[in-house]
Amino acid sequence: MKQGKPAKAATAAKAGKPAAAAKPGKPESHLAMVRRARRINRELAEIYPYAHPELDFRNPFELLVATVLSAQTTDLRVNQTTPALFAAYPTPEDMAAAVPEELEELIRPTGFFRAKARSLIGLSASVRDNFGGEVPGRLADLVTLPGVGRKTANVVLGNAFGVPGITVDTHFGRLVRRWKWTEQEDPEKVEAEVAAIFPKSEWTMLSHRVVFHGRRICHARKPACGACPIAPLCPSYGEGETDPEKARKLLKYEMGGQPGQRLSPPPDYPGRPAPPLGAG
């Protein structure tokens, strides 16, 4: 982890150099925005060289199920729920045959458990009946599964099949609008506009880096602007706490010395694994 970056950014911000992407009163050109966006991506790659999907999974089916469960809840809560779920239903065939009430009880901690149970049983049956029991590796096929939209499909494609994709969740959308990469609100339009800025080979890792930054530093309600490594590149600097000491107290997960969201993080993750459900 680049420990010196936040302090460097805070110093730059304090010196009055937060986000001079364009001179005051002069609109930033599209070319300048693209250059700034690509520089942000390079900076994020240095800050989060270990960026990864924050859902625990061992195969495409587990990632698909976990991503559906992650709607309207945290990845941590999903990761705490899926061990028992996959022990009971390890394959699409098993989950397709689940008794709804029993499945609902297992996924209750993730919220909206009745609707999610219907989606899981439906998508499992579709994988079983239409794709030979194997999760498909094409966007056009994935979005035919119950409960699966482009966001979920791109998560699965990028992380289980190595197919580049941009995942527009709430963190991603918030940050790319703050950075003025797009003004769009619709996720598909955000995806299209951001995809046009970066080479396709960058899409999946870009998604991870932006989401990591949104969860750790550039929060929705109170961004830690004064501890942000990319403050000099941000046109929205000042929306959050600019005092470096106060901002550092807002940092989350490994940046704040706290556990991450995965119970089984990758070997290169610098933080602590999350605790299982009911532990402490």
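Select Arg215 and Glu54 in this predicted model: their side chains meet in a salt bridge, with N to O at 2.7 Å. The pair joins distant parts of the chain, since Arg215 belongs to helix α12 and Glu54 to the loop between α2 and α3 (60-69), 161 residues apart. Both Arg215 and Glu54 are buried.

Over the whole structure, a search finds 15 salt bridges. Another of them can be displayed by selecting Asp141 and Arg138, whose closest N and O atoms are 3.0 Å apart. Asp141 has a relative accessibility of 18% and so counts as buried.

Now turn to the helices. Display α2 (residues 30-47) with α12 (residues 203-216): the two pack at an angle of about 75 degrees, and their axes are 10 Å apart. An angle of 65 to 115 degrees counts as roughly perpendicular, and α2 and α12 are therefore roughly perpendicular to each other. To view the contact itself, select Asn41, Leu44 and Ala45 in α2, which meet Leu206, Arg209, Val210 and His213 in α12. By type, the residues of this contact comprise four nonpolar, two polar and one charged.

Centre the view on Leu44. Leaving aside residues up to four places away in sequence, Leu44 touches Trp179, Arg209, Val210, His213 and Ile230. Which residues touch the most other members of the largest nonpolar core? Leu44 is one of them, along with Tyr48, Phe172, Trp179, Trp181, Val194 and Phe198, in a core of 40 residues. The elements that contribute two or more residues to this core are α2, α10 (170-178), α11 (187-195) and α12. Helix α2 provides the largest share, six residues. Apart from this core lies another, of 30 residues, including Met95, Val127, Leu145 and Ala153.

Is Ser126 buried or exposed? Its relative accessible area is 11%, so Ser126 is buried. Not counting residues up to four places away in sequence, Ser126 touches Phe131, Leu145 and Pro146.

The last two stops concern backbone geometry. Most residues other than glycine have a negative phi. Select Phe112, in the loop between α6 (100-107) and α7: its phi is positive, near 45 degrees, in a residue other than glycine. With a relative accessibility of 56%, Phe112 counts as exposed. Finally, select Lys180, in the loop between α10 and α11. Lys180 has a positive phi of about 65 degrees although it is not a glycine. At 47% relative accessibility, Lys180 counts as partly exposed.

Conventions. Residues are numbered from 1 along each chain as its sequence is written. This is a predicted model: local features need pLDDT of at least 70, side-chain atom pairs count only at pLDDT 80 or more; totals for chains, interfaces and linings use all residues. Side-chain values use heavy atoms; hydrogens and water are left out. Buried means under 20% relative accessible area, exposed over 50%, partly exposed in between (1.4 Å probe, protein chains only). Contact means heavy atoms within 4.5 Å. Axes are lines fitted to C-alpha atoms, for helices over the stretch in contact, and angles run from 0 to 180 degrees between N-to-C directions. Helices (H or I, at least four residues) and strands (E, at least two) are DSSP runs, numbered from the N terminus. Angles under 35 degrees count as roughly parallel, over 145 as roughly antiparallel, 65 to 115 as roughly perpendicular and the rest as oblique. Ala, Val, Leu, Ile, Met, Phe, Trp, Tyr, Cys and Pro count as nonpolar, Asp, Glu, Lys and Arg as charged, and the others, Gly among them, as polar. A nonpolar core is a set of buried Ala, Val, Leu, Ile, Met, Phe, Trp, Tyr and Cys residues joined through side-chain atoms within 4.5 Å. A salt bridge is a side-chain nitrogen of Lys or Arg within 4 Å of a carboxyl oxygen of Asp or Glu.
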